[in-house]
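The entries follow in the order I looked things up.

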Amino acid sequence: MAIGGNSNSNVTRSAAPAVLGGRAAFSEPVYITRPLIPEEAEFQARLRAIFASHWLTNDGPMVRALEAALQTQLGVAHCKVLCNGTTALQVALRALDLEGEVITTPFTFPATVHAIEWNGLTPVFCDVDPETYNLDVAHAAALAGAATCALVPVHVFGNPCDGAGIAALAARRGLKVVYDAAHVYGVEQDGEAVCQWGDLSVLSFHATKLFHTCEGGAIIAAEPGLVERIALLRNFGIVSHAEVRGVGLNGKLSELHAAVGLGVLAAVDGEIRARAQLVGRYRELLEDVPGLRMQKWSPATKRNHAYFTLEVDEREFGMSRDVLHDALRAENIFVRRYFHPLCSENESYRNLASARPQNLPNATRLARRILCLPLHGGIGLADVERIAERVTLLQSRAPEVRRAIETSA
Ligand code: T4K
């Protein structure tokens, strides 16, 4: 369903951008994402079943049904759902009994690095590839030392990391690999689900994610011993009424959240198809615009279209990413600057030796340049066309736009 009805119908190339006194392209905010909503009758039926059973949480039938459905859908042997992706990352790292330093990327959501720190481990920031935005494996190899115990790479915006390079480095140095697979639901590489890479992979099922349970997450594990440990750790370590093993936490997903997930699961393939069309149109309209670049993907990747991002080169485009961000906001286009600031710039981490910007040139540049555009099945091709048109219109009047934003700051 397009939201074009909320927008001006008479936007033309010659219209003035909102920052220069024109009418905003949309009369209501267009967000970067909107959560999929489960089909109502089915959801009500699931709710009735939950309430009739009086079983609301603690590994109930909806959670088990969701785990089984996800295993089938993703083609993985074991999937344990948790209350959110951050807790799932904490549990995954704990399950591996790690000690020492963990190499990760600063170009990610704060949760990735916080989960390392919460486990009493030391994050070591590694630069990213300038085109895929994922962990630079050569830099990770140079950073790996005697204290390094694990790698936590992130498949940023759903783009698979260099899995072969990471596996080879881990094997060479005896490191564990926990993938932050928050963005990678449904992504495949050469026909294989990317979310089963590494010792463990962690998905986020937050409402802003393609597949979601409102709040939620999951750990994908292959080794049965690890699966059992994860199941214990997410439930305080309780083995039985007589035994508690390990320092667990409460990471359980409720039956209500699982019911949302079962409903969303039915809609997610259609959402991916809708987004693929929108991404195709964005690319057609924006790929030749001077100063705009797009993330590099391997042709072997089956994408999920979780995000659509642009890299803005200020010199070539005529204005910085931040000016473009503010000017699009004035159009009611609620673009986002994922991932800015870098995690290495946060006050908890900025004093680490690995956090120095000169060690992280690509990540530092990307954090200043990447802009995330609206992408979800609630918008239509006409909305994408209007957004792209605004981007090019703003560029055509770049000096005035820059001045207008700078004087309003
Ligand atoms: N690792 C990575 C790489 C991650 O990206 C994340 C989470 C995690 C780990 C941790 O997983 P979780 O513990 O969250 O499961 C959002 C999400 O809260 C966060 O889950 C996500 N990454 C991150 C990339 O984005 P914000 O602060 O940008 O969200 P917010 O509230 O500004 O929402 C963005 C837009 O989505 C809104 O402008 C409108 C729309 N929206 C949002 C919500 C919550 C809706 O339409 N409905 C909604 O209910 O962090």
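**Entry 1: cis peptide bonds**

I began with Pro341, which lies in the loop between β16 and α11. Helices (H or I, at least four residues) and strands (E, at least two) are DSSP runs, numbered from the N terminus. His340 and Pro341 are joined by a cis peptide bond, with omega about -5°. I then looked at Phe339, in the loop between β16 (333–334) and α11 (361–369). The peptide bond from Tyr338 to Phe339 is cis, and its omega is near 0°.

**Entry 2: ground rules**

I noted that this is a predicted model: local features need pLDDT of at least 70, side-chain atom pairs count only at pLDDT 80 or more, and totals for chains, interfaces and linings use all residues. Residues are numbered from 1 along each chain as its sequence is written, and side-chain values use heavy atoms, with hydrogens and water left out.

**Entry 3: sheet β8-β7-β14**

I looked up an open sheet of three strands, in the order β8-β7-β14, with antiparallel pairing. Two strands pair if DSSP finds at least two bridges between them. Its edge strands are β8 (192–193) and β14 (301–302), each pairing on one side only. Strand β7 (residues 188–189) runs antiparallel to β8, and two bridges join them. Glu188 stands opposite Ala193 in β8.

I checked the loop between β7 and β8, where Asp190 is found. Phi of Asp190 is near 50°, a positive value in a residue other than glycine.

**Entry 4: sheet β13-β15-β17**

I turned to another open sheet of three strands, with the order β13-β15-β17 and antiparallel pairing. β13 pairs with strand β15 (residues 308–312) in the antiparallel sense over two bridges. Leu292 stands opposite Val312 in β15.

Which helix lies across β13, β15 and β17? I found helix α8 (residues 255–286), running at about 20° to β15. Axes are lines fitted to C-alpha atoms, for helices over the stretch in contact (heavy atoms within 4.5 Å). Angles run from 0 to 180 degrees between N-to-C directions.

**Entry 5: pockets**

The search uses a 1 Å grid over the protein atoms alone. A cavity is a set of points where a 1.4 Å probe fits but cannot get out. A pocket is an open set with protein on both sides within 12 Å along at least five of seven lines. Lining residues have an atom within 4 Å of a point. Grid points are joined across faces, edges and corners, and a volume is the space filled by probe spheres set on the points.

The largest pocket has a volume of about 450 Å³. Of its 31 lining residues, Phe109, Ser204, His206, Thr208 and Lys209 are the closest to its centre. At least two lining residues come from each of α3 (85–95), α4 (110–118), β9 (200–204) and β17. By class, I logged 16 nonpolar, eleven polar and four charged residues in this lining. Ala, Val, Leu, Ile, Met, Phe, Trp, Tyr, Cys and Pro count as nonpolar, Asp, Glu, Lys and Arg as charged, and the others, Gly among them, as polar.

The second largest pocket has a volume of about 210 Å³. Gln73, Leu74, Gly186, Glu188 and Lys302 are the closest to its centre, of 14 lining residues. α2 (61–74) and α8 each supply at least two residues of that lining.

**Entry 6: cavities**

How many cavities of 30 Å³ or more does a search of the whole structure find? I recorded two. The largest cavity has a volume of about 60 Å³. Its lining includes Arg283, Trp297, Tyr307 and Phe308. The second largest cavity has a volume of about 40 Å³. Among the residues that line it are His183, Tyr185, Ser204, Lys209 and Asn304.

**Entry 7: cysteines and Ala207**

I counted zero disulfides (pairs of cysteine sulfur atoms within 2.5 Å).

Last, I checked Ala207, in the loop between β9 and β10 (217–221). Leaving aside neighbours within four places in sequence, Ala207 is in contact with Pro35, His212 and Cys214.
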